[in-house]
Amino acid sequence: MEYIEEKLDFIMDGATKRGVRNAIAVLNRSLRTGKSETTEFLNPSEGDILTSILSKYAIPHLAYGGYEQAERRVFLFGEDIDAADFVSALETQDLDSDINHRNVLGALLSLGLDRGSIGDIQFGENGCELLIHRTEESNVIYNLNSIRRNKCRFSLKSTPELSSGPAQLEDFQCIVASLRLDALLAPMLSTSRGKAKMTIKSGRVKLNHIPCTDPDREVQEGDEISVRGVGRFSIGDTGRTTKKGRIVVQYAKRI
């Protein structure tokens, strides 16, 4: 096979469509040249769509995120693929306990890295580790000297693997009249339902990694809600109700 052409009209979100289209372009370049290639780090929605397309054409590949439960992954194409040729794992033990995922990601983006060149960011007891495109390895090692006034230094791990520890999460509970997106977002953001609706319509909210501007959208157990500038929430159990018929929702916020 020298080339695949796949219509992506079924993908409604523009950013997701661009991510999948760019990944297919990388695949086609690898098919034409015979050289190993890597995509950007894809989010779960983009990765699921690309996996379906690759299965349709029976194309061998490696989806790699540094550990089994990785959320963001690169897709590698070619023969004798070695993830170490394309991605690097970095670590630091110099972070204060109040430094979180958003702080580290912001520091990386301030160096000029694209979001697509950054994989998962994992926190340990005294620091964190992350996966990036190998081309950005030196940039981070030599130029990322502080995060929120916290001085730090990243070093290269011997293999491009991350520890599989759990993400930093804080558990919460709210009671809502319905599972509409705006109804859930209001207590999560400690704001009114009207302001939550404005936040959604402004384009700052993603549902399961896809932008959502519909306040009426129904949210389900297991869904992920992210709000730009605020953080990400994972919806847990929604099966209990109060005596007045309101819904008790368990959720966790990444910190």
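Reader: What volume does the second largest pocket have?

Author: The second largest pocket has a volume of about 200 Å³. A pocket here is an open set of points on a 1 Å grid over the protein atoms alone, where a 1.4 Å probe fits, with protein on both sides within 12 Å along at least five of seven lines. Grid points are joined across faces, edges and corners, and the volume is the space filled by probe spheres set on the points.

Reader: Which residues are closest to its centre?

Author: Ser30, Leu31, Pro60, Gly78 and Glu79, out of the 12 residues that line the second largest pocket. A lining residue has an atom within 4 Å of a point.

Reader: Before I go on, what kind of model is this?

Author: The model is predicted, with local features needing pLDDT of at least 70 and side-chain atom pairs counting only at pLDDT 80 or more, while totals for chains, interfaces and linings use all residues. Residues are numbered from 1 along each chain as its sequence is written, and side-chain values use heavy atoms, with hydrogens and water left out.

Reader: Back to the pocket. Which element gives the largest share of the lining?

Author: Helix α1, residues 14-33, with three residues. Helices (H or I, at least four residues) and strands (E, at least two) are DSSP runs numbered from the N terminus.

Reader: How does the lining divide into nonpolar, polar and charged?

Author: Seven residues of the lining are nonpolar, three are polar and two are charged. Ala, Val, Leu, Ile, Met, Phe, Trp, Tyr, Cys and Pro count as nonpolar, Asp, Glu, Lys and Arg as charged, and the others, Gly among them, as polar.

Reader: Is Leu31 buried, exposed or partly exposed?

Author: Leu31, which is found in helix α1, counts as partly exposed at 25% relative accessibility. Buried means under 20% relative accessible area, exposed means over 50%, and partly exposed is in between, with a 1.4 Å probe and protein chains only.

Reader: How far apart are Leu31 and Pro160?

Author: They are 129 residues apart in sequence and 25 Å apart in space, C-alpha to C-alpha.

Reader: How many bridges join β4 to β6?

Author: Six bridges join strand β4 (residues 87-92) to β6. Leu90 has Leu130 in β6 as its bridge partner. On the other pairing, β5 and strand β6 (residues 128-133) have four bridges in the antiparallel sense, and Gln122 has Glu129 in β6 as its bridge partner. β5 and β6 form a hairpin with four residues between them.

Reader: Why is β5 described as largely enclosed by the rest of the structure?

Author: Because six of the six residues of strand β5 (residues 118-123) are buried.

Reader: And the sheet of three strands, what order does it have?

Author: That open sheet runs β1-β3-β2, with antiparallel pairing. Its edge strands are β1 and β2 (62-64). Three bridges pair β2 with β3, and Ala63 stands opposite Phe75 in β3.

Reader: Backbone angles now. What is the phi of Asp80?

Author: Asp80 has a positive phi of about 50 degrees, although it is not a glycine. Most residues other than glycine have a negative phi. Asp80 lies in the loop between β3 (74-77) and β4 and is exposed, with a relative accessible area of 77%.

Reader: What about phi of Asn208?

Author: Phi of Asn208 is near 55 degrees, also a positive value in a residue other than glycine. Asn208 is in the loop between β11 (205-207) and β12 (210-211), and is partly exposed at a relative accessible area of 30%.

Reader: Where does Asn43 lie, and what does it touch?

Author: Asn43 lies in the loop between β1 (37-38) and α2 (44-56). Asn43 is buried, with a relative accessible area of 11%. Not counting residues up to four places away in sequence, Asn43 touches Glu71, Arg72 and His209; contact means heavy atoms within 4.5 Å. A polar atom of the Asn43 side chain also lies 2.9 Å from the backbone nitrogen of Glu46.

Conventions. Pairing = 2+ DSSP bridges. Polar contact = N/O pair within 3.5 Å; in protein donor to acceptor, adjacent residues only side chain to side chain.
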